[in-house]
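Let's take a walk through a protein fold together.

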Amino acid sequence: FSSIWDEASTRATGKVLAERFPEAWDQTGLTPLLDEDGPVVERRFQATVAPGVVLTGQPDVVAMNSDGEVIVVDVKTTASAYDPTFVLVAEQLTAYQILLEANRQSLGIETVDKLGFIEAVKKKVPKTSRGTGPEVKEPLLAPCRDEDMTQEYLAKVRDMARDIKQQRFPRRPRMAFNSPCNMCDFKGYCLKGDMEGL
(Lines give C-alpha, C1' and ligand atoms only; values in the text may rest on other atoms or scores of the structure.)
Protein backbone atom coordinates (compact mmCIF):
# COMPACT_ATOMS: atom_id res chain seq x y z
CA PHE A 1 0.00 0.00 0.00
CA SER A 2 1.11 3.53 -0.64
CA SER A 3 1.53 6.09 2.12
CA ILE A 4 -2.09 7.25 1.81
CA TRP A 5 -3.78 3.84 1.53
CA ASP A 6 -4.09 0.86 3.85
CA GLU A 7 -6.06 -2.38 3.66
CA ALA A 8 -9.19 -0.96 5.32
CA SER A 9 -9.44 2.12 3.07
CA THR A 10 -8.73 0.02 -0.03
CA ARG A 11 -11.48 -2.45 0.87
CA ALA A 12 -13.93 0.36 1.64
CA THR A 13 -13.25 2.00 -1.72
CA GLY A 14 -13.54 -1.31 -3.57
CA LYS A 15 -16.87 -2.03 -1.88
CA VAL A 16 -18.31 1.34 -2.95
CA LEU A 17 -17.08 0.89 -6.55
CA ALA A 18 -18.59 -2.61 -6.70
CA GLU A 19 -21.90 -1.30 -5.38
CA ARG A 20 -21.97 1.58 -7.89
CA PHE A 21 -20.91 -0.39 -10.95
CA PRO A 22 -24.25 -2.08 -11.82
CA GLU A 23 -26.13 1.23 -11.98
CA ALA A 24 -23.29 2.86 -13.93
CA TRP A 25 -23.32 -0.06 -16.39
CA ASP A 26 -27.09 0.18 -16.84
CA GLN A 27 -26.73 3.88 -17.69
CA THR A 28 -24.36 3.08 -20.58
CA GLY A 29 -27.17 1.43 -22.54
CA LEU A 30 -24.74 -1.34 -23.51
CA THR A 31 -25.57 -5.03 -23.52
CA PRO A 32 -22.92 -7.76 -23.53
CA LEU A 33 -22.63 -9.45 -26.92
CA LEU A 34 -24.01 -12.99 -26.85
CA ASP A 35 -22.81 -15.95 -28.87
CA GLU A 36 -23.31 -19.69 -28.55
CA ASP A 37 -21.08 -19.72 -25.44
CA GLY A 38 -23.01 -16.94 -23.69
CA PRO A 39 -22.01 -13.35 -22.92
CA VAL A 40 -18.63 -12.29 -24.30
CA VAL A 41 -17.23 -11.21 -20.94
CA GLU A 42 -13.65 -11.92 -19.81
CA ARG A 43 -13.18 -14.23 -22.79
CA ARG A 44 -9.68 -14.93 -24.10
CA PHE A 45 -9.03 -14.62 -27.83
CA GLN A 46 -6.04 -15.56 -29.96
CA ALA A 47 -4.87 -14.71 -33.46
CA THR A 48 -1.75 -15.79 -35.35
CA VAL A 49 -0.12 -12.55 -36.54
CA ALA A 50 3.10 -14.02 -37.98
CA PRO A 51 4.56 -17.52 -38.31
CA GLY A 52 5.00 -18.73 -34.73
CA VAL A 53 3.63 -15.49 -33.23
CA VAL A 54 0.25 -15.62 -31.51
CA LEU A 55 -1.39 -12.47 -30.18
CA THR A 56 -3.67 -13.11 -27.22
CA GLY A 57 -5.89 -10.94 -25.08
CA GLN A 58 -8.94 -10.94 -22.85
CA PRO A 59 -11.27 -7.97 -23.17
CA ASP A 60 -13.41 -7.29 -20.12
CA VAL A 61 -16.65 -6.86 -22.08
CA VAL A 62 -17.60 -7.01 -25.75
CA ALA A 63 -20.93 -5.21 -25.95
CA MET A 64 -23.51 -3.82 -28.33
CA ASN A 65 -25.42 -0.57 -28.17
CA SER A 66 -28.99 0.06 -29.30
CA ASP A 67 -27.74 0.88 -32.81
CA GLY A 68 -26.17 -2.59 -33.13
CA GLU A 69 -22.61 -1.28 -32.92
CA VAL A 70 -20.00 -3.63 -31.46
CA ILE A 71 -18.10 -1.92 -28.66
CA VAL A 72 -15.11 -3.23 -26.71
CA VAL A 73 -15.10 -1.91 -23.14
CA ASP A 74 -12.24 -2.37 -20.71
CA VAL A 75 -12.88 -1.57 -17.05
CA LYS A 76 -10.01 0.30 -15.41
CA THR A 77 -9.51 1.09 -11.75
CA THR A 78 -7.51 4.29 -11.75
CA ALA A 79 -6.27 6.79 -9.19
CA SER A 80 -7.54 9.64 -11.37
CA ALA A 81 -9.57 9.94 -14.55
CA TYR A 82 -7.71 9.38 -17.83
CA ASP A 83 -7.00 12.09 -20.32
CA PRO A 84 -9.63 11.48 -23.01
CA THR A 85 -6.95 11.38 -25.72
CA PHE A 86 -5.47 8.18 -24.23
CA VAL A 87 -8.37 6.10 -25.54
CA LEU A 88 -7.41 7.12 -29.09
CA VAL A 89 -3.99 5.42 -28.88
CA ALA A 90 -4.19 2.78 -26.11
CA GLU A 91 -2.46 -0.29 -27.53
CA GLN A 92 -4.49 -2.63 -25.35
CA LEU A 93 -7.65 -1.54 -27.19
CA THR A 94 -5.91 -1.83 -30.55
CA ALA A 95 -4.96 -5.42 -29.72
CA TYR A 96 -8.54 -6.23 -28.70
CA GLN A 97 -9.87 -4.91 -32.01
CA ILE A 98 -7.38 -7.05 -33.95
CA LEU A 99 -8.28 -10.12 -31.92
CA LEU A 100 -12.02 -9.69 -32.26
CA GLU A 101 -11.86 -9.03 -35.98
CA ALA A 102 -9.71 -12.14 -36.40
CA ASN A 103 -12.45 -14.08 -34.61
CA ARG A 104 -15.41 -12.29 -36.19
CA GLN A 105 -16.90 -15.41 -37.75
CA SER A 106 -17.21 -17.30 -34.46
CA LEU A 107 -18.59 -14.16 -32.78
CA GLY A 108 -21.08 -13.46 -35.56
CA ILE A 109 -19.89 -9.87 -36.08
CA GLU A 110 -18.68 -7.98 -39.11
CA THR A 111 -16.39 -5.50 -37.40
CA VAL A 112 -15.64 -3.61 -34.19
CA ASP A 113 -17.18 -0.14 -34.20
CA LYS A 114 -15.90 1.49 -31.01
CA LEU A 115 -13.32 0.91 -28.29
CA GLY A 116 -13.02 2.39 -24.84
CA PHE A 117 -12.69 2.36 -21.10
CA ILE A 118 -15.03 2.56 -18.16
CA GLU A 119 -13.09 4.07 -15.29
CA ALA A 120 -13.66 3.13 -11.68
CA VAL A 121 -11.81 5.99 -9.98
CA LYS A 122 -10.24 4.93 -6.69
CA LYS A 123 -10.76 7.78 -4.26
CA LYS A 124 -11.06 7.32 -0.54
CA VAL A 125 -14.55 7.11 0.90
CA PRO A 126 -15.12 10.59 2.33
CA LYS A 127 -15.59 10.93 6.07
CA THR A 128 -18.02 13.80 5.52
CA SER A 129 -20.61 14.62 2.86
CA ARG A 130 -18.23 17.08 1.18
CA GLY A 131 -15.99 14.77 -0.87
CA THR A 132 -16.89 12.88 -4.04
CA GLY A 133 -15.30 9.58 -3.08
CA PRO A 134 -15.02 6.59 -5.41
CA GLU A 135 -16.89 6.94 -8.69
CA VAL A 136 -17.60 4.96 -11.83
CA LYS A 137 -17.34 7.26 -14.83
CA GLU A 138 -19.34 6.98 -18.03
CA PRO A 139 -17.47 5.21 -20.84
CA LEU A 140 -14.72 6.97 -22.77
CA LEU A 141 -15.18 5.65 -26.31
CA ALA A 142 -13.28 6.14 -29.55
CA PRO A 143 -13.91 4.95 -33.10
CA CYS A 144 -12.24 1.68 -34.07
CA ARG A 145 -8.66 1.90 -35.31
CA ASP A 146 -8.02 2.38 -39.00
CA GLU A 147 -5.93 0.00 -41.10
CA ASP A 148 -2.75 2.09 -40.74
CA MET A 149 -2.97 2.03 -36.96
CA THR A 150 -3.64 -1.71 -36.70
CA GLN A 151 -0.79 -2.48 -39.12
CA GLU A 152 1.56 -0.22 -37.17
CA TYR A 153 0.72 -2.10 -33.97
CA LEU A 154 1.14 -5.49 -35.65
CA ALA A 155 4.55 -4.41 -36.97
CA LYS A 156 5.56 -3.52 -33.42
CA VAL A 157 4.39 -6.94 -32.15
CA ARG A 158 6.30 -8.74 -34.91
CA ASP A 159 9.44 -6.68 -34.19
CA MET A 160 9.23 -7.55 -30.49
CA ALA A 161 8.77 -11.25 -31.29
CA ARG A 162 11.79 -11.13 -33.61
CA ASP A 163 13.88 -9.46 -30.88
CA ILE A 164 12.91 -12.18 -28.40
CA LYS A 165 13.70 -14.99 -30.87
CA GLN A 166 17.09 -13.43 -31.58
CA GLN A 167 17.69 -12.88 -27.85
CA ARG A 168 17.91 -9.12 -28.30
CA PHE A 169 16.57 -7.31 -25.26
CA PRO A 170 17.18 -3.58 -25.72
CA ARG A 171 16.63 -1.37 -22.72
CA ARG A 172 13.19 0.24 -22.91
CA PRO A 173 12.87 2.66 -19.99
CA ARG A 174 9.62 4.09 -21.42
CA MET A 175 7.90 5.78 -18.45
CA ALA A 176 10.71 5.18 -15.96
CA PHE A 177 10.23 8.65 -14.49
CA ASN A 178 6.75 7.57 -13.43
CA SER A 179 7.35 3.86 -12.78
CA PRO A 180 10.93 3.96 -11.49
CA CYS A 181 13.49 1.41 -12.53
CA ASN A 182 13.97 0.56 -8.84
CA MET A 183 10.56 -1.13 -8.94
CA CYS A 184 11.69 -3.57 -11.65
CA ASP A 185 12.86 -7.10 -10.85
CA PHE A 186 15.35 -6.92 -13.74
CA LYS A 187 17.01 -3.62 -12.87
CA GLY A 188 20.28 -5.26 -11.82
CA TYR A 189 20.67 -6.92 -15.19
CA CYS A 190 19.46 -3.95 -17.22
CA LEU A 191 21.56 -1.34 -15.41
CA LYS A 192 24.70 -3.32 -14.52
CA GLY A 193 24.56 -6.66 -16.33
CA ASP A 194 24.21 -8.44 -12.97
CA MET A 195 22.22 -11.67 -13.30
CA GLU A 196 22.16 -12.51 -9.59
CA GLY A 197 18.70 -13.51 -8.45
CA LEU A 198 17.31 -14.03 -11.95
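## Salt bridges and what lies around them

Lys-123, Glu-135 and Lys-137 are tied together in a network of salt bridges. Keep in mind that you're looking at a predicted model.

A search of the whole structure turns up ten salt bridges. Here are three of them, with the N to O distance for each.

| Salt bridge | N to O distance |
|---|---|
| Arg-43 and Asp-35 | 2.7 Å |
| Asp-159 and Arg-162 | 2.3 Å |

Let's take the Asp-159 and Arg-162 pair next. Both sit in helix H4, and because they are three residues apart there, about one helical turn separates them. Asp-159 is partly exposed, with a relative accessible area of 37%. Arg-162 is partly exposed too, at 41%.

The pair of Arg-43 and Asp-35 has another setting: both of these residues are buried. For Arg-43 the relative accessibility is 18%, which is why it counts as buried. You'll find Arg-43 in the loop between strand E3 (38–39) and E4. Its side chain also makes a polar contact of 2.7 Å with the side chain of Asp-35. What else does Arg-43 touch, once residues up to four places away in sequence are set aside? Besides Asp-35, the list holds Asp-37, Gly-38, Gly-57, Gln-58, Pro-59 and Leu-107.

## Into the core

Leu-107 is a handy link to the inside of the protein, as it is one of the residues with the most contacts inside the largest nonpolar core. That core has 29 residues, and Leu-55, Leu-93 and Leu-100 are also among those with the most contacts in it. Which parts of the chain supply it with at least two residues each? They are strands E4 (45–50), E5 (53–57), E7 (70–78) and E8 (114–121), along with helices H2 (91–102) and H4 (147–165). The largest share, six residues, comes from H2.

Apart from this core lies another one, made of eleven residues that include Trp-25, Ala-63, Ile-71 and Val-136.

Now zoom in on Leu-93. If you skip its neighbours within four places in sequence, Leu-93 is in contact with Asp-74, Val-87, Leu-115, Gly-116, Phe-117 and Arg-145.

Thr-94 lies in helix H2, and its relative accessible area is 3%, so it is buried. A polar contact of 2.9 Å joins the side chains of Thr-94 and Arg-145. Leaving out residues up to four places away in sequence, Thr-94 touches Met-149, Thr-150 and Tyr-153 as well as Arg-145.

## Out to the surface

Which residues form a nonpolar patch on the surface? Look for Phe-186, Tyr-189, Met-195 and Leu-198, which together have about 460 Å² of accessible area. Tyr-189 belongs to helix H5, which covers residues 187–192. With a relative accessibility of 43%, Tyr-189 counts as partly exposed, because that label covers values between the 20% and 50% cut-offs.

## Stepping back

Time to zoom out to the whole chain. It holds five helices and ten strands, and its C-alpha trace spans about 55 × 50 × 30 Å along the principal axes. How much of it is buried? Of the 198 residues, 33% count as buried. The accessible surface comes to about 13,200 Å², and carbon and sulfur atoms account for 53% of that.

One more number tells you about contacts across the sequence. Take the contacts with a separation of 6 or more: 63% of them are between residues 24 or more positions apart.

Note on methods. Residues are numbered from 1 along each chain as its sequence is written. This is a predicted model: local features need pLDDT of at least 70, side-chain atom pairs count only at pLDDT 80 or more; totals for chains, interfaces and linings use all residues. Side-chain values use heavy atoms; hydrogens and water are left out. A nonpolar core is a set of buried Ala, Val, Leu, Ile, Met, Phe, Trp, Tyr and Cys residues joined through side-chain atoms within 4.5 Å. Buried means under 20% relative accessible area, exposed over 50%, partly exposed in between (1.4 Å probe, protein chains only). Helices (H or I, at least four residues) and strands (E, at least two) are DSSP runs, numbered from the N terminus. Contact means heavy atoms within 4.5 Å. Patches are made of residues with over 30% relative accessible area and no salt bridge: like charges are joined within 9 Å, nonpolar side chains (Val, Leu, Ile, Met, Phe, Trp, Tyr) within 5 Å. Accessible areas come from the Shrake-Rupley method with a 1.4 Å probe; for residues, only the protein chains shown count as cover. A salt bridge is a side-chain nitrogen of Lys or Arg within 4 Å of a carboxyl oxygen of Asp or Glu. A polar contact is a pair of N or O atoms within 3.5 Å; within protein, one must be able to donate a hydrogen and the other to accept it, and residues adjacent in sequence count only if both atoms are side-chain atoms.
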